[in-house]
Amino acid sequence: MTYDCIIIGAGVSGSATARELSKYDLNVCVLEKGEDVCSGTSKANSAIVHAGFDAAEGSLMAKLNVEGNEMMGQLAEDLDIPFKRNGSLVVCIHEEEKGGLQDLYDRGIANGVKDMRILDKKELHEMEPNLSDQCCAALYAPTGGIICPFMLNIAMAENAAMNGVDFFFNTEAETLKRDEEGIWHIRTNNGEYKTKYVVNAAGIYSDVFHNMVADKKIHITPRRGDYCLLDKEMGGFVSKTIFPQPTKLGKGVLVSPTIHGNLIVGPTAIDIEDKEATATTAAGINDLIAKGGMYVDNLPIARKVITSFAGLRAHEDAHEFVIGEVKEAPGFIDCAGIESPGLTSSPAIGKMVAGIVCDLAKPEKKANWNGKRKGILNPSEMSVEERNELIKKEPAYGQIICRCESISEGEILDAMRRPLGARSLDGVKRRTRAGMGRCQAGFCSPRVMEIINRELGIPTEKITKSGGKSVIAPERTKAGKGGEA
Amino acid sequence: METRELTCIGCPMGCQITVQLEKGEVVSIEGNTCEKGDIYARKEVTDPTRIVTSTVVIKGGDKERLPVKTKSDIPKDKIFDVMKDIDAVTAEAPKKIGDVIIDNVAGTGVAVIATRNIGIE
Amino acid sequence: MLSYDIVIVGGGPAGLAAAVAAREAGTESILILERDHELGGILNQCIHNGFGLHTFKEELTGPEYAYRFMEQVFEKKIEYKLNTMVMDISADRVVTAMNKKDGMFEIQAGAVVLAMGCRERPRGALNIPGYRPAGIFSAGTAQRLVNIEGYMPGREVVILGSGDIGLIMARRMTLEGAKVKVVAELLPFSGGLKRNIVQCLDDFGIPLKLSHTVVDIEGKERVSAVTIAEVGPDMKPIPGTEERYTCDTLLLSCGLIPENELSKSAGVELSPVTSGPVVNESLETSIPGVFACGNVLHVHDLVDFVSEEAKKAGENASKYVQKTLASSDKESIKLVATEGARYTVPVTINTDRMDDLLTVRFRVGAVFQDSYVSVYFDDERIMHLKKRIMAPGEMEQVILQKKKLAEYPDLKTITIKIEKE
């Protein structure tokens with residue numbers, strides 16, 4: 001069959017586009033090389049919904065940032081995912097740099113950011129008592145927020161799937177070309193897919209696909225960002241997202257509570273060549289430990305880290321989102337160079353890209369589109385009575401599997417049973433948080449494996465951390481030694 | 001004359017003991033700082049033994065592996081022969097602590113016994 | 001609301017011994033809450049031998065040792081609930097728990113014994129750089145997979161940390177056919193028993209590299225290599241000393257942390273040194289009627305000492321509910337650990353409430369040879385015990401006599417320190 005539209009990449013941009021397109025009478029599919037949605041850049045970032053004062057005035061980045069930020073509240077409600085406008089602070093530590101805050105403020109106003117204020121030292125310290133004394137002023141943007149990037153990505157994809165979009169995982173687009181009739185042929189490791197329109201949402205690889213079809217080449221540099229995630233004990237250390245004043249390389253090392261109550265410190269910004277090099281380095285982690293403590297007093301980063309990770313931002317040389325149809329390749333629509341504020345912008349990106357597809361395809365709206373999605377239950381927010389009702393109906397909600405995050409078997413089963421359900425330990429983790437706590441899955445991983453085996457029928461020896469060759473326990477003891485009667 | 005270097009396991013000191021042997025007989029022991037070290041070194045160079053613990057496959061039980069141990073010490077150089085027998089055996093549930101799983105493991109004359117109870121599935 | 005005289009949180013070695021002791025001390029109404037599907041706790045996966053020399057005068061494996069106590073629990077018909085997670089403990093001893101059958105339920109406890117044990121330090125907490133592939137396990141998780149579930153985590157193994165679990169797993173994996181390439185230890189000495197170094201590493205020719213740590217983990221999907229390097233006195237890797245090992249598995253045995261989330265939610269005061277509750281001579285925490293024992297209190301080296309300590313906690317909990325635990329307004333004596341001694345358990349002693357003999361447990365912070373454990377009553381040195389060797393991996397103890405303390409009615413502070421002479 002020939003699809004109306006194929007989206008390459010099930011990251012946050014691809015999934016947002018898929019969800020927008022699912023409103024229309026179109027055959028849409030998403031090709032994802034990973035075993036799950038949210039397997040690339042979307043899974044490793046600051047998890048911040050930026051207010052929008054950073055991006056250059058008049059840029060697409062600025063426009064989509066502010067739009068995305070405005071859309072996020074309703075979207076989070078529709079998709080039943082947690083989102084909080086905790087507010088952002090850009091803090092200044094040198095009197096003579098206060099002018100920089102004013103510049104940011106002015107840019108924010110030009111970009112359409114609402115309700116910003118510049119705080120003096122007193123106000124600032126009242127708001128954030130743990131800031132170090134040298135912090136003398138700050139730009140406060142109450143519209144800044146925090147969100148779970150996994151849940152946002154997963155929920156958008158899930159909702160798209162509910163509304164008829166096909167997702168093909170472990171399916172890597174390799175090459176693509178357009179035939180005489182204008183149909184795009186995408187060669188993958190799983191055979192050829194045909195489509196009228198292609199959306200290039202390939203993240204760090206989006207330059208590769210663009211350059212296959214476009215005359216004017218783009219170049220994406222993987223810009224690595226290391227992060228440290230701190231124990232929930234430290235989650236209340238600051239209540240707002242604390243940024244230093246920005247530099248050329250980005251917004252700098254922020255310290256922020258996460259939507260789930262941890263504290264995140266990061267990112268570094270290191271330009272690399274290898275598009276797969278998501279390894280953290282000692283230098284990167286040490287840099288965070290040094291910089292993360294700059295604006296906050298006595299933050300014991302090194303002692304309270306529960307995990308560190310690195311993500312790659314898809315940094316295009318022009319530092320601008322590349323969105324639009326490539327003239328010389330009709331039907332090929334770029335959604336490239338999506339780096340920060342990509343997560344924030346994603347709802348607006350999805351809308352814009354889908355708009356371009358619709359302008360070309362001119363589809364009818366679906367009458368029965370359902371933009372609401374029910375999230376996985378969060379029993380810890382229920383009353384004891386509600387919880388007991390639930391356990392009576394579904395006893396699995398009475399069995400805690402992840403002790404650190406208090407995640408029950410019921411939530412894990414739900415994560416596997418819903419559309420685009422989890423099939424790996426990371427899949428379960430990103431949907432439920434089982435394994436994301438302070439013991440980092442030491443306790444629950446054998447238990448989650450047992451549930452995956454029972455529920456999905458995947459032999460335990462084949463269960464993976466995140467698909468591919470990431471098998472956890474590749475063989476049985478005694479195998480082939482006679483004891484396996 | 002043969003020289004053997006040992007670490008004493010008697011206490012956290014971990015004395016480095018040097019034993020001189022002549023035709024298998026201990027001639028001298030040096031480096032130990034107490035009587036325990038002497039006893040340990042003599043045994044370790046003439047007749048080193050170990051308890052082996054492992055698991056065996058169990059069928060029809062509420063677990064898939066049954067932990068076992070050699071009922072007493074076996075010669076140290078037989079550890080892998082013992083493991084070969086342990087790996088090759090399949091037990092049937094139920095089993096109780098002390099049940100004999102292998103009568104005479106690797107010709108040592110020592111039995112392999114269950115170290116936990118396993119009920120029927 | 002359910003009501004029990006004593007609720008014991010955790011059915012591992014500490015919880016079992018506390019329950020048995022409490023029953024023997026005359027308390028009928030006891031409930032053990034265990035989150036796993038069986039009693040015995042971590043001992044069920046510790047299938048190696050070496051347990052029980054102090055308690056039973058014979059060498060048992062973990063499951064055998066646990067069963068000795070389980071048998072008593074069964075015989076004495078002490079109640080327990082399995083697959084039951086305690087969700088909260090309040091300061092007035094209301095225990096909230098949950099399981100599939102009963103749902104979420106509350107129990108008013110006359111006394112609570114905290115016996116939750118400890119957990120392993122994960123990779124993240126060690127700040128080890130590199131990729132995050134499959135194949136990185138804490139030693140205890142690997143032990144569960146191998147010994148209980150019957151799965152091999154991998155074939156070629158590097159182990160970081162020479163604590164006893166790491167050493168035991170080196171042998172265990174070797175016996176199951178894996179190749180353990182090296183054990184790296186950050187410190188200049190091993191925290192494990194000499195016996196384990198000899199019988200788990202030397203027996204199989206596995207090298208132990210002291211003052212080494214992991215500086216890189218390779219492999220996008222599954223571990224493919226691990227690089228270790230020597231560290232200097234500042235614990236920082238020394239450039240140029242890197243050695244790369246191809247392997248598919250990295251096991252981490254880098255320390256245990258008492259698991260005190262519940263204690264914290266109850267408002268129990270914790271020690272920054274042990275991460276366990278601060279307790280008095282009765283092993284009672286800062287909340288009256290809440291006792292603690294075993295690895296949740298401080299990480300032990302031998303399970304025999306866990307049982308011994310738990311027995312005391314069980315007895316005292318029983319006295320508490322029977323109102324025979326003397327109440328006393330007398331000011332408590334403070335115990336202070338200094339100069340080589342890292343902490344003491346207990347931290348305070350009320351002589352009105354102490355037994356004739358009181359065991360004070362502590363650990364040292366470094367290796368000491370031919371040194372003395374000195375006990376000062378205020379400024380006067382009362383005990384001076386020569387020790388050939390003391391190491392951080394082993395728990396030390398001194399025994400205080402009530403009789404002796406009675407001779408010092410104005411005593412404020414007992415100090416334990418390590419002295420060269």
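Q: How many residues does each side give to the contact of chain A with chain C?
A: Chain A gives 43 residues and chain C gives 38, where contact means C-beta atoms, placed from the backbone, within 7 Å. This is a predicted model: local features need pLDDT of at least 70, side-chain atom pairs count only at pLDDT 80 or more, and totals for chains, interfaces and linings use all residues. Residues are numbered from 1 along each chain as its sequence is written, with chains lettered from A and ligands numbered from 1 in the order in which they are written.

Q: In what sense do strand 23 of chain A and strand 11 of chain C run?
A: Strands of a sheet pair through backbone hydrogen bonds, either parallel or antiparallel. Strand 23 of chain A and strand 11 (residues 151-152) of chain C run antiparallel, joined by two bridges; pairing takes at least two bridges found by DSSP. E475(A) stands opposite M152(C).

Q: What is the strand order in the open sheet of chain B?
A: The five strands run 8-5-6-10-9, with mixed pairing. Strand 8 (90-92) and strand 9 (100-102) of chain B are the edges, each pairing on one side only. From one strand to the next, the twist averages 45°. Helix 2 (residues 79-88) of chain B packs on this sheet, touching strands 5, 6, 9 and 10 of chain B. Its direction makes about 15° with that of strand 5 of chain B. Strand 5 (residues 53-59) and strand 8 of chain B pair in the parallel sense, over three bridges. There, V57(B) stands opposite T90(B).

Q: At what angle do helix 1 and helix 2 of chain C pack?
A: Two packed helices are described by the angle between their axes and the distance between the axes. For helix 1 (residues 13-24) and helix 2 (residues 62-75) of chain C, the angle is about 35° and the axes are 9 Å apart. Axes are lines fitted to C-alpha atoms, for helices over the stretch in contact; angles run from 0 to 180 degrees between N-to-C directions. Among the contacting residues are L16(C) and V20(C) of helix 1 of chain C, and F69(C) and M70(C) of helix 2 of chain C. The contact has nine nonpolar, one polar and no charged residues.

How values were computed:
Helices (H or I, at least four residues) and strands (E, at least two) are DSSP runs, numbered from the N terminus. Two residues are in contact if their C-beta atoms, placed from the backbone, lie within 7 Å. Ala, Val, Leu, Ile, Met, Phe, Trp, Tyr, Cys and Pro count as nonpolar, Asp, Glu, Lys and Arg as charged, and the others, Gly among them, as polar.
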